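Subject: Structure handover and notes

Hello,

Here is the structure for you to look through. My notes on what was found in it follow below.

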Amino acid sequence: MSQGPRSGLAAVSSALLAMSRHLEVRDVLKTIVASARELLDAQYAALGVPDDHGGFAQFVVDGVSDAQWKAIGPLPRQHGILAAMLHEATPERLADVRKDPRFEGWPSAHPDMVDFLGLPIRDGDEVIGALFLANKNCPKPEGSCGFTEEDEELLGILAQHAAIALTNARLYERSRELTIAEERSRLAHELHDAVSQKLFSLRLTAQAAAALVDRDPSRAKDEMQQVATLAAEATDELRAAVVELRPAALDEDGLTATLRTHVQVLDRAHTARVTFAARSFRALPAAQEEAMLRVAQEALHNALRHSGAAHVDVTVDRRGGGAVLRVTDDGGGFDPQSVRRAGRHLGLVSMRDRTSGVGGKLNVESTPGKGTTIEMEVPGG
């Protein structure tokens with residue numbers, strides 16, 4: 001290694017640590033490619049993961065701008081040098097890739113590449129990807145390759161660890177998919193056990209009311225009141241089952257990404273404009289983030305279902321070592337004292353319980369005709 005053993009070892013260590021920080025497959029691929037290009041001081045780097053149809057399921061590049069990549073066109077097929085990496089599973093180090101008999105050209109927008117180093121990424125006997133580097137940033141005597149045997153050995157070490165990181169990321173994503181499936185199954189059982197019985201009772205009560213409406217209107221009225229009660233209970237249980245379904249994305253993507261996705265879904269589903277912004281927010285302990293998510297969901301439900309708002313705005317900001325969540329709407333508003341006296345809570349009790357459970361404070365500001373702001377402040381970990 002031209003930089004010497006000490007700096008070379010530090011560079012390898014840095015690359016391996018970077019790969020281990022990510023669990024999403026796409027992030028791992030990007031980190032491997034960027035680490036390889038930096039480690040070997042190359043102008044271009046790429047990593048291809050093959051599919052089962054002669055192409056690439058994923059192909060990640062580094063050193064090529066977004067505009068260049070878009071102009072290049074579709075992902076490459078498994079031919080030429082790329083096929084050699086995947087099917088022959090041997091390293092390739094070339095002084096000029098364009099002169100190799102297997103070279104089949106590239107699209108017009110493709111950058112010009114000369115010296116080349118490629119290695120397969122293997123998981124046991126299976127080739128799960130191929131790593132390519134081109135145009136070493138160093139003086140090259142005529143007809144010689146800038147990449148050395150030492151570079152090939154170093155890239156081989158990186159490829160071995162890349163295989164581990166990529167395999168772990170795939171296992172993680174499969175595990176996450178299974179977790180989501182298990183949560184869906186659990187929710188289905190809960191809905192069947194809790195809600196379906198209520199709906200069955202509601203149906204029977206409605207039928208009884210219909211039978212009594214002519215001969216005993218007074219009893220029919222009582223039965224209809226029971227229908228309303230059962231319907232409200234079924235609605236509450238359905239909402240509780242859905243709200244308590246912990247989003248798998250919360251642990252993996254964090255509060256801001258999960259909230260942003262939730263807000264985008266609501267914005268598409270409702271006529272009100274729903275927006276989200278995060279300012280200087282940093283990750284909090286899991287309990288705080290889940291509590292903030294649940295309060296945001298409850299406040300959004302109230303604003304979209306009951307307030308008649310045209311615009312609902314959600315923000316999360318850093319405050320000291322903790323954070324503050326605000327859900328603001330321009331709807332009809334309400335008198336918090338009147339709501340409390342009337343026994344209607346609009347989810348406020350639940351929001352206060354969740355907030356106090358993580359040592360936070362909840363503030364509700366609302367005036368009839370002037371909208372509502374729910375502010376939740378939580379401490380850091």
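Is Phe56 buried or exposed? Phe56 counts as buried, at 5% relative accessibility. Here buried means under 20% relative accessible area, exposed means over 50%, and partly exposed is in between, with a 1.4 Å probe and protein chains only.

Before the rest, a note on the source. This is a predicted model, in which local features need pLDDT of at least 70 and side-chain atom pairs count only at pLDDT 80 or more, while totals for chains, interfaces and linings use all residues. Residues are numbered from 1 along each chain as its sequence is written, and side-chain values use heavy atoms, with hydrogens and water left out.

Aromatic residues

A search of the whole structure gives five aromatic pairs. Rings of Phe, Tyr and Trp (its six-membered ring) pair if their centres lie within 6.5 Å; planes under 30 degrees apart are stacked, over 60 edge-to-face, and the rest tilted. One of the pairs is Phe56 with Phe59, which is edge-to-face at 5.2 Å centre to centre and 70° between the planes. Phe59 is buried too, with a relative accessible area of 9%. The rings of Phe59 and Trp69 are stacked, because their planes are at 5° with the centres 6.1 Å apart. This second pair links distant parts of the chain: Phe59 is in strand S2 (residues 56–62) and Trp69 in helix H3 (residues 66–72), 10 residues apart. Helices (H or I, at least four residues) and strands (E, at least two) are DSSP runs, numbered from the N terminus. Trp69 is partly exposed, at a relative accessible area of 25%. Phe56, Phe59 and Trp69 form one aromatic cluster with Phe116 and Phe132.

The loop between S3 and S4

Asp96 is in the loop between strand S3 (92–94) and strand S4 (116–123), and at 15% relative accessibility it counts as buried. Its side chain is joined to that of Arg98 by a polar contact of 2.9 Å. (A polar contact is a pair of N or O atoms within 3.5 Å; within protein, one must be able to donate a hydrogen and the other to accept it, and residues adjacent in sequence count only if both atoms are side-chain atoms.) Leaving aside neighbours within four places in sequence, Asp96 is in contact (heavy atoms within 4.5 Å) with Met113 and Val114.

Salt bridges

Side chains of opposite charge can pair when their charged atoms come close. The structure holds 17 salt bridges, each a side-chain nitrogen of Lys or Arg within 4 Å of a carboxyl oxygen of Asp or Glu. Arg98 meets Asp112 in one of them, at 3.0 Å from N to O. Both are in the loop between S3 and S4, 14 residues apart. Arg98 is partly exposed at 35% relative accessibility, and Asp112 is partly exposed at 44%.

Another joins Arg273 and Asp267, with the closest N and O atoms 2.8 Å apart. Arg273 is partly exposed at 46%, as is Asp267 at 23%.

The side chains of Glu375 and Arg326 also form a salt bridge, at 2.9 Å from N to O. Glu375 lies in strand S10 (residues 372–378) and Arg326 in strand S8 (residues 322–329), so the pair ties together parts 49 residues apart in sequence. Arg326 and Glu375 belong to a network of salt bridges that also links Arg279, Asp317, Arg319, Lys361 and Glu377.

Helix H8 (residues 286–306) has 21 residues and should span 30 Å at 1.5 Å a residue; its end C-alpha atoms are 30 Å apart, which agrees. The expected span is 1.5 Å times one less than the number of residues. In H8, 15 of the 21 residues are buried. Just after H8, Gly308 has a positive phi of about 70°.

The largest nonpolar core has 34 residues, and those with the most contacts inside it are Met292, Leu325 and Met376. Such a core is a set of buried Ala, Val, Leu, Ile, Met, Phe, Trp, Tyr and Cys residues joined through side-chain atoms within 4.5 Å. The largest share of this core, nine residues, comes from H8. Not counting residues up to four places away in sequence, Leu325 touches residues including Leu259, Met292, Val295, Ile374 and Met376. Another core lies apart from it and has 30 residues, among them Leu29, Ile32, Ala163 and Ala165.

Regards
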